[in-house]
Amino acid sequence: MSVTDINWFKYSSPQALYPLAGKLTPWFSALAVILMGAGLYIGLLLAPTDFQQGDSYRIIFVHVPAAWMSMFLYVVMALWAAIGLGLKARPSYMMAQAIAPTGAMFTFLALLTGSLWGKPTWGTWWVWDARLTSELILFFLYLGVMLLRTSIDDARRADRASAVFALVGVVNVPIIYFSVQWWNTLHQGASVSATAAPKMAAMMLLAMLIMSLGFWMYSIAVILARLRCVIREREERSSVAGQVERPVAVGGV
C-alpha cells in the first residue's frame, strides 16, 4: 500500500486520530533524540571556535533553532485555527490547542538562550531590541491563546475565541523575522538565508540544521502526545456532560 492509497479523510475523526498519534509518537521521539544528540555533538565538539565570540557563540546551536521553531509553530497553530474556523472541524481546534504549549516553550527557550548569549556579547542580559521585544510579544501571544482557552468553560466558544486570537497575533511573526532589516537593532542579521550564501563555516551550519531537524521531530512527538491528551480530556468532558444532562428516573418512572 502506497501513501496515496491511504484514506486520510478518516483521520479527521478524533477516534481515528487518537491511535494514529500513539503509533507515530515513539518514532518521532527516537528521531528527535538521535538528531539532537548528533547536532549537539557536532556543535559543541566539532564545530570551530568563532574568531570574534570565542566558544560563547555555541549557544546559537540551541538559540537559533528554538527561535525558528517559535515562529514556525505559531504559523502552523494559526493555520490549524483558521481551518477550524473555516470548516468547523474539532480536530483542527485540538491540533491548535496541542501546538500552543510547545510553541511557548520554544519561545521561552529562545528568550533565555538569547539572554545568555547577550551577556558576553552585548554586556547585558536584556535590551529592548526590536527582535527581542517582538519575540517577547510572541511569548505573550502563546500565553494569551492558552489562557483564553482555559478561561472559557464552553469548549466551542473557547475554540473560536482562541482561534481568532491566534490569527490576529500571526502578524507578529513577520515583524520578528524582518525586524533586523526594518529597524537599526543590536541583533545580528540572519546567518542562514535562502537567497544568499551562508555566513558561517560548513560544520557550524551542519550542526544548526541538524539541531533544527531534531527540534522539529521533538515538536511533532510532543504535539502528538499532547493531542492524545486533548482528545481524551474532551471525550471525558463530553461523557460527563451527557451523564449530567441525562434525566434521572424518579419513583421508578
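Let's start at R234, which counts as buried because its relative accessibility is 12%. By buried I mean under 20% relative accessible area, with exposed over 50% and partly exposed in between, using a 1.4 Å probe and protein chains only. Before I go on, a word on where this comes from: it is a predicted model, where local features need pLDDT of at least 70 and side-chain atom pairs count only at pLDDT 80 or more, while totals for chains, interfaces and linings use all residues. Residues are numbered from 1 along each chain as its sequence is written, and side-chain values use heavy atoms, with hydrogens and water left out.

So what does R234 meet? The side chain of R234 forms a salt bridge with D159, at 2.7 Å from N to O. That pair links distant parts of the chain, with D159 in helix 5 and R234 in helix 7, 75 residues apart. A salt bridge here is a side-chain nitrogen of Lys or Arg within 4 Å of a carboxyl oxygen of Asp or Glu. As background, side chains of opposite charge can pair when their charged atoms come close.

D159 has another partner. R149 also forms a salt bridge with D159, and their closest N and O atoms are 2.4 Å apart. R149 lies in helix 4 and D159 in helix 5, so this pair ties together parts that are ten residues apart in sequence. Are R149 and D159 buried or exposed? Both R149 and D159 are buried, and D159 has a relative accessible area of 3%. Put together, R149, D159 and R234 are linked in a network of salt bridges.

How many salt bridges does the rule give? The count comes to three.

Let's step back to the whole chain. There are seven helices and zero strands, so for anyone tracing it from the N terminus, the elements run α-α-α-α-α-α-α, under a definition in which helices (H or I, at least four residues) and strands (E, at least two) are DSSP runs, numbered from the N terminus. Of the 253 residues, 40% count as buried.

Now the inside. The largest nonpolar core has 39 residues, and L73, Y74, M77, L138, Y142, F215 and L227 touch the most other members. Two or more residues come from each of helix 1 (14–46), helix 2, helix 3, helix 4 (130–151), helix 5 (155–169), helix 6 (172–182) and helix 7 (202–245). Which helix gives the most to this core? Helix 3 does, with eleven residues.

M71 and Y177 are 106 residues apart in sequence, yet 8.5 Å apart in space, C-alpha to C-alpha.

L40, Y41, L44, L45, L46, M203 and L206 make a nonpolar patch of about 640 Å². Helix 1 and helix 7 each give two or more residues to the patch, and the largest share, five residues, comes from helix 1. L206 sits in helix 7 and counts as partly exposed at 39% relative accessibility. Patches are made of residues with over 30% relative accessible area and no salt bridge, joining like charges within 9 Å and nonpolar side chains (Val, Leu, Ile, Met, Phe, Trp, Tyr) within 5 Å. The accessible areas come from the Shrake-Rupley method with a 1.4 Å probe, and for residues, only the protein chains shown count as cover.

There is a charged patch as well: K88, R156, R157 and R160 gather in a patch of positive charge on the surface. Lys and Arg count as positive and Asp and Glu as negative, while His and the chain ends are not counted. The place of a charge is taken as NZ of Lys, CZ of Arg, CG of Asp or CD of Glu.

Let me finish on K88. Where is K88 found? K88 is in the loop between helix 2 (60–87) and helix 3 (90–122). K88 counts as exposed because its relative accessibility is 73%. Its phi is near 55 degrees, a positive value in a residue other than glycine.

Note on methods. Core = buried A, V, L, I, M, F, W, Y, C linked by side-chain atoms within 4.5 Å.
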